Amino acid sequence: MNSVGPECNDLKKDYDSCFNVWYSESFLKGDYKSDPCSELLKNYRACVLKAIKEKNIDLSDIETDVLGTNREKQPPPEK
């Protein structure tokens, strides 16, 4: 799967690769303390946030609690 912005695809690929190696070779063997991918994640996250801002994507709805409220059964608002 590609990233939200094509300029982030290489960063995503590098982070995914690092994470998969860390997960299989360290985490699953009980090494929870090492974090060799943190800098890659930081760079990828910064790229994604920039791409989201440039595309004027509003993320405020993902932070709103809906379950158990009247909004839960409402159709999405029209844009």
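**Figure 1. Disulfide between C18 and C37 in the predicted model.** C18 and C37 are joined through sulfur atoms 2.0 Å apart, a disulfide being a pair of cysteine sulfur atoms within 2.5 Å. C18 belongs to helix α1 and C37 to the loop between α1 and α2, so the bond ties together parts that are 19 residues apart in sequence. Helices are DSSP runs (H or I, at least four residues) numbered from the N terminus. The torsion about the S-S bond is -90°, and the link of C18 and C37 is left-handed.

**Figure 2. Burial of C18 and C37.** C18 has a relative accessible area of 18% and is buried; buried denotes under 20% relative accessible area (1.4 Å probe, protein chains only). C37 is likewise buried, at 4%.

**Figure 3. Disulfide between C8 and C47.** The S to S distance in the disulfide of C8 and C47 is 2.1 Å. C8 lies in the segment before α1 (9-25), whereas C47 is in helix α2 (residues 38-54), so this pair ties together parts that are 39 residues apart in sequence. The disulfide is left-handed because the torsion about its S-S bond is about -95°. Both C8 and C47 are buried.

**Figure 4. Disulfide pattern of the protein.** Two disulfides are found in a search of the whole structure. With bonded cysteines counted along the chain, the pattern is 1-4, 2-3.

**Notes to all views.** Residues are numbered from 1 along each chain as its sequence is written, and side-chain values use heavy atoms, with hydrogens and water left out. The model is predicted: local features need pLDDT of at least 70, side-chain atom pairs count only at pLDDT 80 or more, and totals for chains, interfaces and linings use all residues.

How values were computed:
Helix = DSSP H or I, 4+ residues; strand = E, 2+ residues; numbered from the N terminus. Buried < 20%, exposed > 50% of the residue type's maximum accessible area, 1.4 Å probe, protein only.
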